Amino acid sequence: MYTYLKKIVLLFIVSPFLLADSITTINIWHQMLYENRKVLRDVCDKYEKNNPEININLTYRETEELRSSYQAAAMGGSGPELIYGPSDQVGPFSVMGIIQPLDKLFSKKYFNQFVENAVVRSMGKVWMVGDVVGNHLMLIYNKDLVRYPPKNTNELIRIGKELTLDINGNGKIDQYGLVWNFTEPFFYVPWLGGFGEWLLTENETPNLNTKGNKKGFRFIKSLRDEHKIIPKECDYEIANAMFKTGRAAMIINGDWSWGDYQGVVDFGIARIPKVSETGLWPSPLVSTKGYSINANIKGSQLDQTIKLMKHLTSEEIQLYFTTKLNSQPSSKDALNSSIVKNNKLLKESSHIIEVGRPMPIIPEMRAIWDALRDQYQAVLGGTVSAQDAAKKAQENALKQIKVMNEKIEPGIQGNIIKIIIFALIFGLIFIIGKQVPDFISDYKKNKIAYIFFAPALLAIAAVIIFPFVYNIVISLSNYSLRTFNDWDIIGLYHYIKVFGDSNFYLVLIKTFIWTALNIIFHVSIGIFLAVLINQTLPAKPIIRTLLIIPWAIPQYIAALSWRGMFNQEYGAINIALVKYFNLPAVEWLSQPFEAFTACILTNIWLGFPFMMVIALGGLQSIPQDLYEAARVDGANRWQQFKSITLPLLKPVMLPAIVLGTVWTFNNINVMWLVSNGGEPSNQTHILVSFVYKAAFNLYRYGYAAALSMIIFLILFGLVSYFIKRTRATEGVY
Amino acid sequence: MKGAQVEKIVLFLFLSIFSIATIYPVLNIISVSMRTDNAFHTRSLSIIQYEEPFTDTNNNNLFDDGESFIDKNKNGKWDSGSSLKSYFELFLETDFLLWVKNSIIVSFIVTITGVVFASTAGYALSRYKFKGREFGMTALLTTQMFPATMLLLPFFILLSYFGLINSYIGLVVIYSSTALPFCIWQMKGYYDTIPPSIEESARLDGCTRFQAFYKIILPLSSPALVITSLFSFMASWSEYVVAAIILQDPKMYTLPLGLKSFQASLSTQWGMYAAAAVVVSIPVAILFVSLSRFLVSGLTMGSVKQ
């Protein structure tokens with residue numbers, strides 16, 4: 001057995017090196033949609049066939065993850081040769097210096113092949129070459145329900161009203177005139193253009209406190225509340241599902257969705273209707289997607305990469321993509337070919353692109369999106385007037401941008417901190433050194449204990465010590481977007497900042513509530529069920545298995561399923577509430593308190609099976625004769641439970657409770673997925689999701705590390721106190 | 001005895017209803033996996049949607065009872081029926097089986113290491129008062145307190161320094177060390193419920209300390225071993241975040257990575273994603289069922305004179 005295991009282990013070490021040597025491997029990380037990936041693989045297979053010395057690895061990552069994992073990899077000095085993604089990732093990547101400028105690597109003639117949009121420039125240099133142009137929003141309509149798409153908003157409202165129907169007369173709308181992911185700013189900004197304004201000024205600063213923005217806010221709200229042609233709660237998936245099942249006549253969606261609708265709905269596309277009041281067309285954001293080259297790539301590897309990139313962006317390959325997937329090419333020659341000219345969808349699509357605006361690629365866009373999202377959702381939630389929201393959005397955007405671009409120079413404090421750190425390290429070594437003799441003498445006494453415990457502790461220490469120290473160092477540094485390659489220790493700046501932020505305390509309280517409620521329900525439901533199914537019952541194995549299913553299903557999909565169940569109109573929970581309990585429908589996801597409750601409910605469901613299994617195990621250690629003796633003494637069930645079951649479960653349950661507290665405190669998954677990243681208006685957060693949103697979103701690594709250290713210290717204090725109170729580390733005997 | 005019968009029936013009914021409520025969200029996922037239109041949401045409480053034939057005598061694209069329908073292929077049946085299409089696609093057109101294999105290998109190794117290290121370390125913590133014990137226990141717990149998102153970058157730097165990116169070793173080491181603290185604590189808690197007198201009598205019968213642990217205590221602890229192995233297994237079976245930074249070659253993907261590759265912002269393959277999620281949870285259920293007969297301990301207080 002041992003040698004066998006060794007072999008397996010060896011195999012794992014060696015296997016990555018078995019390939020390679022004379023063959024050059026080029027890695028491409030991309031975020032292509034499912035169908036596109038197949039075509040890309042196809043194209044790369046052919047390339048490998050023609051160039052036997054090349055091997056191409058394709059790795060898919062979802063857009064946000066692509067960005068963060070590429071940053072991590074490039075910082076670590078590795079990463080793929082080519083990265084494929086939307087043009088707005090060029091902003092942060094070029095500022096961080098993790099992709100290389102392409103001007104010197106390619107000829108002018110090469111760049112001239114493409115439409116202007118597709119050659120992505122920033123800070124005077126070219127960083128990306130796009131192979132498709134588009135990603136723009138449009139009105140997509142179900143031809144079975146809508147004969148001619150509305151030309152302007154008055155028509156939209158009229159047609160929308162006609163098609164918003166309660167077909168079976170039960171007082172509930174069965175079909176909506178229009179649906180879309182309207183709470184997300186990306187899906188809102190085309191209207192800004194329609195009301196004669198734009199997100200950014202000409203100097204690329206935020207431009208949110210405008211008349212057009214206020215009108216836009218009011219307009220969307222009126223579609224929902226006054227004209228009632230769009231549903232109350234509607235995220236992307238709901239909108240998509242409704243349109244596909246014929247429950248919505250029109251949807252505002254992007255060109256990426258065509259493939260999804262083909263064969264399901266007979267659809268047509270059109271510009272988003274002209275705003276009747278201004279006579280202007282709404283302007284969807286148009287962006288390109290393309291390839292950039294990793295800054296770490298040099299020499300012959302770079303030559304091969306350039307060659308491959310030229311091939312992948314060539315006219316031939318672009319047209320291949322167009323025939324397979326209706327993508328809009330970026331090569332001028334490809335655009336003039338008959339394949340594109342005869343494609344009806346593309347013809348209409350380029351008509352739509354004419355009124356579009358290029359997607360800004362400055363890294364500050366993140367801050368602007370965040371500020372806009374917050375206030376826009378607050379308007380829709382009815383807590384702020386459009387007037388105040390526009391003003392607030394502008395203020396917040398400016399504030400966030402300032403924070404994001406902040407570059408703190410290391411001063412005297414940094415040097416003092418450095419000296420203190422060294423002093424601490426020496427002190428620590430000294431203390432440990434002093435303890436060594438004690439350990440040696442103790443080792444002779446408790447040999448087995450050391451042999452048993454040491455391997456586990458060492459393994460854990462090896463993995464955790466470096467990250468811990470790394471985190472402390474980063475938390476004391478000015479590591480951020482602008483200091484990506486030359487950060488330095490600056491001192492306690494970020495810690496002071498965290499404690500001075502009133503939001504921090506609010507989120508802290510929410511985190512305590514979240515943790516306490518979850519643990520209380522997990523443990524009580526867990527023990528309750530364990531005691532029940534520990535008795536002899538028919539079909540016990542089946543019930544037992546069914547009850548652990550929530551633990552078995554992957555958290556991320558379970559959380560998404562619950563999000564669907566919380567939908568105001570179509571979610572199972574409201575349907576059940578209204579139908580069987582005659583209660584009013586609850587707006588689970590668009591009100592802060594309800595959204596927080598929804599997250600807690602989901603997590604309770606996810607967490608109780610674990611506690612149940614632990615309790616089931618613990619119950620086995622309780623000797624039956626104790627109960628018999630208690631019965632003889634005349635104790636009733638509750639007394640038996642209280643004085644036998646609970647105390648004897650304690651040693652088994654306490655570790656689970658302690659660790660459960662820690663995990664729940666730091667559980668970002670459920671919070672993030674159910675509330676879709678903190679919606680509404682960033683109010684549904686616990687500390688970890690707050691770190692993620694507030695800091696990583698704006699590339700504030702130093703701040704994030706400091707906040708994480710604070711989270712760690714809070715938890716540490718909490719748990720130490722708990723252990724002391726319950727004496728969890730001590731046994732019953 | 002009549003009262004006990006009634007009580008049992010009430011109990012059974014209660015548990016059945018609770019179980020159904022518990023698995024409803026999972027049924028929801030199953031329902032999505034069997035839809036043909038790749039959408040994530042339904043608007044009714046029903047799970048299976050029949051391809052019901054419809055009547056539409058006046059040709060207004062509405063069922064005659066008022067509901068609207070879609071019938072793209074004009075076969076006289078409503079299109080949004082249920083099918084196993086996603087499952088077929090999952091097994092035949094993707095590397096799903098490869099991911100299953102990878103995941104089984106990784107989870108198996110993590111489970112073995114988890115059980116071996118945790119059963120021994122837990123025993124040391126439960127039975128010996130050695131120097132550094134308190135510190136060790138707190139240190140174990142402390143490792144769980146970092147927000148996972150903060151660990152990713154240092155993990156990546158550490159592993160790429162040792163050349164362990166794109167290898168299962170890196171993954172196994174991290175998984176084991178994240179699962180171990182809980183496993184050790186759990187084992188220790190269970191050992192604490194076993195009276196030390198059991199070993200003492202074993203040692204009087206001539207066992208060494210190690211034999212007393214191996215032959216007497218370990219078999220008595222089968223419920224805790226089951227929980228420990230189940231936990232270690234789960235820790236690696238459905239973990240995504242760490243795997244995503246370590247494994248970059250699609251041929252080496254574990255299940256969660258493969259599963260997530262069906263997801264894209266604004267364009268997810270819901271059918272396959274849900275189907276894969278359902279299939280992923282089956283081994284866990286099987287594992288639990290097959291392990292649960294060991295959930296009964298041989299511990300009887302009567303065998304030891306207190």
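Residues are numbered from 1 along each chain as its sequence is written, and chains are lettered from A, with ligands numbered from 1, in the order in which they are written. Because the model is predicted, local features need pLDDT of at least 70 and side-chain atom pairs count only at pLDDT 80 or more, while totals for chains, interfaces and linings use all residues; side-chain values use heavy atoms, with hydrogens and water left out.

Between the chains, helix H25 (residues 592-620) of chain A packs with helix H9 (residues 222-237) of chain B at an angle of about 160°, their axes lying 8 Å apart; helices here are DSSP runs of H or I of at least four residues, numbered from the N terminus, and axes are lines fitted to C-alpha atoms over the stretch in contact, with angles from 0 to 180 degrees between N-to-C directions. H25(A) and H9(B) are therefore roughly antiparallel, a word used for angles over 145 degrees. The contact brings Phe610(A), Val613(A), Ile614(A), Gly617(A) and Gln620(A) of H25(A) together with Pro223(B), Ile227(B), Leu230(B) and Phe231(B) of H9(B).

Phe231(B) also takes part in an aromatic pair with Phe182(B), which is tilted, at 4.4 Å centre to centre and 50° between the planes; rings of Phe, Tyr and Trp (its six-membered ring) pair if their centres lie within 6.5 Å, and planes under 30 degrees apart count as stacked, over 60 as edge-to-face and the rest as tilted. Since Phe182(B) lies in helix H6 (residues 168-192) of chain B and Phe231(B) in H9 of chain B, the pair ties together parts that are 49 residues apart in sequence.

Within chain A, the axes of helix H8 (residues 211-225) and helix H17 (residues 386-405) come within 9 Å and cross at roughly 130°. The contact involves Asn213(A), Lys214(A), Phe217(A) and Arg218(A) of H8(A) and Ala386(A), Gln387(A), Ala389(A) and Ala390(A) of H17(A).

Two loop residues of chain A complete the tour. Asn326(A), in the loop between helix H12 (315-325) and helix H13 (332-336), has a positive phi of about 60° although it is not a glycine.

Notes:
Angles under 35 degrees count as roughly parallel, over 145 as roughly antiparallel, 65 to 115 as roughly perpendicular and the rest as oblique. Contact means heavy atoms within 4.5 Å.
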